[in-house]
Amino acid sequence: MKKKPIVFSLVHDQSVFMTAIMSLLTFISVLALGLALSIGTGVMRWNAQWDLFATVQVMDSANTDATRQTINRNQDKMLSVREISSEEMSNLMRPWLSGGKTLSNYLPQMWEIQFKSKSDLTSVQPEFEKTSRFLTHASALKTSTSAGWKMIAISILVLSLTLGSIGVCISYIARNTAMLHRRELEILNQIGASDNFVARQMQKIVARIATLSATCGFLVATPVLLLILATAHSSRVGLMSMLNLSGWGWFTLLMMAILIIVFAIWITRRTTLNILRK
């Protein structure tokens, strides 16, 4: 079966340049979305891990027995209770002490408690606050969670700007190609070719560039994301160690690359039709 020839084409250097630019923008788009998804997963896992934990601090030793009684009364709502010894607290404070000083006489009595559910934690909190300080781990780690959400917002902003840049590049390709082939457009107009026919020819050019660029951008972004996730996991530090991409996350990234191709073809059609109407 004989193939239909493409009416328009780009010169070699122009095609290579536009493919390189589109590949870079696709790479940035996939990378930004991948980071947003992995950080989002990390934040949710981080919150789920600490939502059920709380620390009870008794600042006045006269309230120690009352706090112990509160713990004993609510054992059915707790998964685990761990009393933190003075030696353990002293070891934690050692980097901030000098000259062999000790704070053993000033450290509060502390327990770390894991509750069975968030409702159990909430219901017990007022009872503990009568005799001690009740600190939920989730509230103590709000700074880390807030930083995670800010990183997601930055990634989404970068993604939005990159998609906008892709739209500008595709519009430039269509307009530049139309200028290069102005003579052919005049001939097609004289012989009665429809605007849709001309737009389809332009779409074929852009579809080839966008498909190659999306493939290259995705294939390069994948190992970079894997390297970032491996580095984050090896750090074993807080929120960073929770970063992860599920199977659905990778599927979303693949769909992102495909949507960039569809977006490029759509922008080409709109731009070409606007040029032909003028």
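**Note on the predicted model**

1. A residue is called buried when its relative accessible area is under 20%, exposed when that area is over 50%, and partly exposed in between, with a 1.4 Å probe and protein chains only taken into account. The structure is a predicted model, in which local features need a pLDDT of at least 70 and side-chain atom pairs count only at pLDDT 80 or more, while totals for chains, interfaces and linings use all residues. Residues are numbered from 1 along each chain as its sequence is written, and side-chain values use heavy atoms, with hydrogens and water left out.

2. On confidence, the pLDDT (the predictor's confidence in each residue, from 0 to 100) averages 79 over the protein, and 80% of the residues score at least 70. Confidence is lowest in helix H3 (residues 86–93), with a mean of 65, and highest in helix H9 (residues 247–277), with 87.

3. The protein contains nine helices and four strands, where helices (H or I, at least four residues) and strands (E, at least two) are DSSP runs numbered from the N terminus. Read from the N terminus on, the elements follow the order α-β-α-β-α-β-α-β-α-α-α-α-α. Of the 278 residues, 38% count as buried, and the accessible surface, computed by the Shrake-Rupley method with a 1.4 Å probe, comes to about 16400 Å², of which 62% belongs to carbon and sulfur atoms. If contact is taken as heavy atoms within 4.5 Å, then among contacts between residues at least 6 apart in sequence, 87% join residues at least 24 apart.

4. The four strands form an open sheet in the order E2-E3-E1-E4, with antiparallel pairing. Strands E2 and E4 (133–136) stand at the edges with a single partner strand each, so one side of each has no neighbour in the sheet. From one strand to the next, the twist averages 20 degrees; axes here are lines fitted to C-alpha atoms, for helices over the stretch in contact, and angles run from 0 to 180 degrees between N-to-C directions. Two strands are said to pair if DSSP finds at least two bridges between them. Strands of a sheet pair through backbone hydrogen bonds, in either a parallel or an antiparallel way.

5. Strand E1 deserves a separate look. E1 pairs with E3 in the antiparallel sense over six bridges, and with E4, also in the antiparallel sense, over four bridges. Thr55 has Glu112 as its bridge partner in E3 and Leu135 as its bridge partner in E4, while Ala54 stands opposite Ile113 in E3. Six of the six residues of E1 are buried, so E1 is largely enclosed by the rest of the structure. Both faces are covered, with Phe53, Thr55 and Gln57 buried on one side and Ala54, Val56 and Val58 buried on the other.

6. Helix H2 (residues 64–73) has Thr64, Thr67, Thr70 and Ile71 as its buried residues. They lie on the same side of H2 because they cover an arc of only 120 degrees around the axis, the arc being that of the directions from the helix axis to the C-beta atoms. The face turned away from this buried side carries the exposed residues Asp65, Asn72 and Arg73. H2 lies across E1, E2 and E3, running at about 10 degrees to E3, and the cover of its buried residues includes strands E1 (53–58), E2 (78–84) and E3 (109–115) and helix H4 (118–128).

7. In helix H4, the residues Asp120, Leu121, Val124 and Phe128 are buried. Their arc around the axis is only 90 degrees, which puts them on the same side of H4. Exposed residues Lys118 and Ser119 are carried by the face turned away from that buried side, and what covers the buried residues of H4 includes E1, H2, E2, E3 and E4.

8. Ala32, found in helix H1 (residues 12–50), counts as buried at 6% relative accessibility and touches Ser155, Val158 and Leu159, if residues up to four places away in sequence are not counted. The C-alpha atoms of Ala32 and Thr162 are separated by 9.2 Å, although these residues are 130 residues apart along the chain. Met202, in helix H8 (residues 195–235), is buried with a relative accessible area of 4%.
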